[in-house]
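This briefing collects a few local features for a reader working with the coordinates.

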Amino acid sequence: MRAVLTWRDKAEHCINDIAFKPDGTQLILAAGSRLLVYDTSDGTLLQPLKGHKDTVYCVAYAKDGLWSPEQKSVSKHKSSSKIICCSWTNDGQYLALGMFNGIISIRNKNGEEKVKIERPGGSLSPIWSICWNPSREERNDILAVADWGQKVSFYQLSGKQIGKDRALNFDPCCISYFTKGEYILLGGSDKQVSLFTKDGVRLGTVGEQNSWVWTCQAKPDSNYVVVGCQDGTISFYQLIFSTVHGLYKDRYAYRDSMTDVIVQHLITEQKVRIKCKELVKKIAIYRNRLAIQLPEKILIYELYSEDLSDMHYRVKEKIIKKFECNLLVVCANHIILCQEKRLQCLSFSGVKEREWQMESLIRYIKVIGGPPGREGLLVGLKNGQILKIFVDNLFAIVLLKQATAVRCLDMSASRKKLAVVDENDTCLVYDIDTKELLFQEPNANSVAWNTQCEDMLCFSGGGYLNIKASTFPVHRQKLQGFVVGYNGSKIFCLHVFSISAVEVPQSAPMYQYLDRKLFKEAYQIACLGVTDTDWRELAMEALEGLDFETAKKAFIRVQDLRYLELISSIEDFLGSGDPKETKMLITKQADWARNIKEPKAAVEMYISAGEHVKAIEICGDHGWVDMLIDIARKLDKAEREPLLLCATYLKKLDSPGYAAETYLKMGDLKSLVQLHVETQRWDEAFALGEKHPEFKDDIYMPYAQWLAENDRFEEAQKAFHKAGRQREAVQVLEQLTNNAVAESRFNDAAYYYWMLSMQCLDIAQADPAQKDTMLGKFYHFQRLAELYHGYHAIHRHTEDPFSVHRPETLFNISRFLLHSLPKDTPSGISKVKILFTLAKQSKALGAYRLARHAYDKLRGLYIPARFQKSIELGTLTIRAKPFHDSEELVPLCYRCSTNNPLLNNLGNVCINCRQPFIFSASSYDVLHLVEFYLEEGITDEEAISLIDLEVLRPKRDDRQLEIANNSSQILRLVETKDSIGDEDPFTAKLSFEQGGSEFVPVVVSRLVLRSMSRRDVLIKRWPPPLRWQYFRSLLPDASITMCPSCFQMFHSEDYELLVLQHGCCPYCRRCKDDPGP
């Protein structure tokens, strides 16, 4: 028993009395003149009750009232002395009064004195506390009396004393019964509360205090105790009673009522009680020995006779000495004491004969048998070490060492295997000789080997009992408690404080052996205990497996003479020893089994006779998938007919995995591909297609059709493309594009047009005959993708109540679209929305002239009603604004440094040098890039090598950084002020003849290429037949990122933000983690 402090509080005055609410949820106590109410769960002070002007000495919760409301007055009776305490009997018929003069007066409810008890010592022994036993099981009402003669005594209602007075050696101030009258709580001048038996035997201390204990009470129907002291301390304890017990085979000894030991025979259910009249601290049992540790001695008992059913014990030896130990073990002639890391071996006379010091704390110890005086001990340590110790040998034998602490151990009957439960709730089984870990199972708290079967063990945990035979899977069933023993078909289970023998049929492990055709082992398991049905199944399986000896034993068990005669005739027939006749007999036996509707037996016999096709047909007709795959695995790969039949049946029975295994064994890859396609197991099909490219068309074409049927058109298009069906791939994309435009999903339309353009480029590369046509479509679709990508922002701005784009971005997009739109406006794009957005944003940004132009253009178009009012109002208000544009909005040509008008009749090119502008695909700003071309004769590879040969120029400190990774190509340029001066050869190439109407591209030589820094150049690496495009950055203080897939340009900060938001490129939707093209 141990007491755990749950909570503690302190009041200002002495605690005179305590009472629990009947349901135990609240606690009321008297402290001075105040009453305090506490929550018993956590010690929270709920409320103080005021109203008393003087000290409160007693409190109680009302159960059924003190008197009835009809009663006008309360009867009063005089007593011969001051009354200190009182207590009612359970039935409320009698009241016991404890008086200062040492007299106990027992009165009926009318106040008449029926019994008067005079305690020795008279007035020198005031009766300070009394309490009736609340137990309903006692025959008589028993009164416990504590007086200041420092004694506790017990009386019947008649006044007759029970037993002798028990000396306390302190002045008791309070006495109360704990739980249902099994124990007594006593506190007083010794500054502690002690637990006693109901007979007055002291068991231990509940809690030590700093002052006298004036009151203590037990919480109703629980194991909690509250203590009140002189200094105002309130302590709330939980009492925990540990299980003290011992087990050896079918004998179980356990502590009862703290002072008694009950020995139970688990098979016969016989019990014997040994009364020790002292606190029982430890119990150990072994064969005919029983050891009981008391506070000041150890008692050794032995059985009267060698009879296995004898339950009469007598004292053999007494060791009058106090011992402190964690575990106690008894052997034939010795007791073993475990003290932390040390084991001591003592003779029955108390002489220490031997001692072992361990490396770590001892967690488990068990006697594993042996000759008297030479028994072996199995010891498990906290550091994972497991040892075997013989009581007559000073040296311990290390069996094995594992990484985790030991919780439970057991050794098999032959001493060849060891089962360990560790602190991680894992059951590990080792071979003792080789130290090999045979297997392990999770969720275990205890383990036990079967004493009658070497290969069977059971373990418990998580509310389940697990039985494991050999290396077969675990058989589970529900069971509460801990497994402590396993004998035959009986499992001994400890639940709370009681142990029981559970009869467990051994059917599950028997069938596990049968499945492996291990008939002799299955017979051994059946002998432990199975049903008649299981015996018959064993007999039939053994007969089918031609194990006639086991079959005969099993049929004898079920008394089936017909089969016994059959076995006898078969054995006589087989005596001739002709293999052909044996095979013929087995085939006939199989036919017979099939006719009498024993298909499983027939299958086994057909297999034994080599008639695999017949066996497969039976299994297929009955849907026995497991048997079919077993047959397929045992067949040779050259036996194509039965294997093909197996695969066909497995396919019909919806077991594609097993069918695939069979096709693979045959080497029939085409059938395997068809199976994967029919069952839509695409991953397996793709893996096969990678290894065998000749099957790709057979895989991707059905896959694409399946995707299209399931509305996954984007994936279908890619699948058609991989299958080489370009026409179907383009058709899917065109349909997707048309749908996106029709549904105003212009961002998706832009993406699909970009995919279409890349599809055309692939066709142009693969088919030279269609090169020119496909390249024309490529440029057309690229242009449409750019238009729809920009128009998506315009459409959302005009349709949504809020815009996510900045005014400058919408302004730039509107200008870009207005300059880029062909004469035939693409489907879905509204010029009204473009001009309306341009007018609105131009006005907001100060481009009043451009806004006026946009409003004028709108007047010539059909305007939807919802825009009519806004446009008319804007047309009027813009007249009040100046007729010029803000110079900050004017775009600059980075080649010739010309300021271009906001409305450019030439389109998105410079009005001076005709250089095409390059726009950011997010903000649509003009980027500081100039495209240049290579001189004739310079290949792309040579250009790259020349650019990489970076030449250092004097007086220039360019700290320029290009970050290249799988996601993007980022150009960062930082130029110091020392860079002023120094003519750049590329800059010289930017000059052109003024006034020309034709565009003169920038063409660079090898010398110019060699002067360039690789960090200044961005390259669009188009696949053939296109040439690469080269761009030179003219501003070193800005950073540009180009997507390596779609080659669209962005300001680096914009690109990084968009990729973080969407997880991919905003234009081509290439994920940031995808490798480059």
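**Surroundings of serine 189**

Leaving aside residues up to four places away in sequence, serine 189 touches Phe170, Asp171, Cys173 and Trp212. The model is predicted.

- Serine 189 sits in the loop that joins strand 15 (183-188) to strand 16 (192-197).
- Asparagine 169 lies 20 residues from serine 189 along the chain, and the C-alpha atoms of the two are 9.4 Å apart.

**Helix 2 and helix 3**

- Helix 2 covers residues 519-526 and helix 3 covers residues 532-544; the two pack at an angle of about 165°, and their axes are 11 Å apart.
- Because of that angle, helix 2 is roughly antiparallel to helix 3.
- The crossing of the two helices is left-handed.
- On the helix 2 side, the contact is made by Phe519, Ala522, Tyr523 and Ala526. These residues meet Trp535, Leu538, Glu541 and Ala542 of helix 3.
- Sorted by class, the contact of helix 2 with helix 3 has seven nonpolar residues, one charged residue and no polar ones.

**Helix 20 and helix 21**

- Helix 20 (residues 831-845) and helix 21 (residues 848-858) cross at roughly 150°, and their axes come within 8 Å.
- Helix 20 is therefore roughly antiparallel to helix 21.
- Helix 20 makes a left-handed crossing with helix 21.
- Helix 20 contributes Val832, Leu835, Phe836, Leu838, Ala839, Lys840, Ser842 and Lys843 to the contact. Their partners in helix 21 are Tyr848, Leu850, Ala851, Ala854, Tyr855, Lys857 and Leu858.
- The residues of this contact comprise 11 nonpolar, one polar and three charged.

**Cavity**

- How many cavities of 30 Å³ or more does the structure hold? There is one.
- The largest cavity contains about 50 Å³ of space.
- Its lining is formed by Cys893, Tyr894, Arg895, Gln915, Pro916, Phe917, Val926, Leu927, Leu929 and Val930.
- By class, the lining of the largest cavity has eight nonpolar residues, one polar and one charged.

Terms used:
Residues are numbered from 1 along each chain as its sequence is written. This is a predicted model: local features need pLDDT of at least 70, side-chain atom pairs count only at pLDDT 80 or more; totals for chains, interfaces and linings use all residues. Side-chain values use heavy atoms; hydrogens and water are left out. Axes are lines fitted to C-alpha atoms, for helices over the stretch in contact, and angles run from 0 to 180 degrees between N-to-C directions. Helices (H or I, at least four residues) and strands (E, at least two) are DSSP runs, numbered from the N terminus. Angles under 35 degrees count as roughly parallel, over 145 as roughly antiparallel, 65 to 115 as roughly perpendicular and the rest as oblique. A crossing is left-handed if the near helix is turned anticlockwise from the far one by less than a right angle, and right-handed if clockwise. Contact means heavy atoms within 4.5 Å. Ala, Val, Leu, Ile, Met, Phe, Trp, Tyr, Cys and Pro count as nonpolar, Asp, Glu, Lys and Arg as charged, and the others, Gly among them, as polar. On a 1 Å grid over the protein atoms alone, a cavity is a set of points where a 1.4 Å probe fits but cannot get out, and a pocket is an open set with protein on both sides within 12 Å along at least five of seven lines; lining residues have an atom within 4 Å of a point. Grid points are joined across faces, edges and corners, and a volume is the space filled by probe spheres set on the points.
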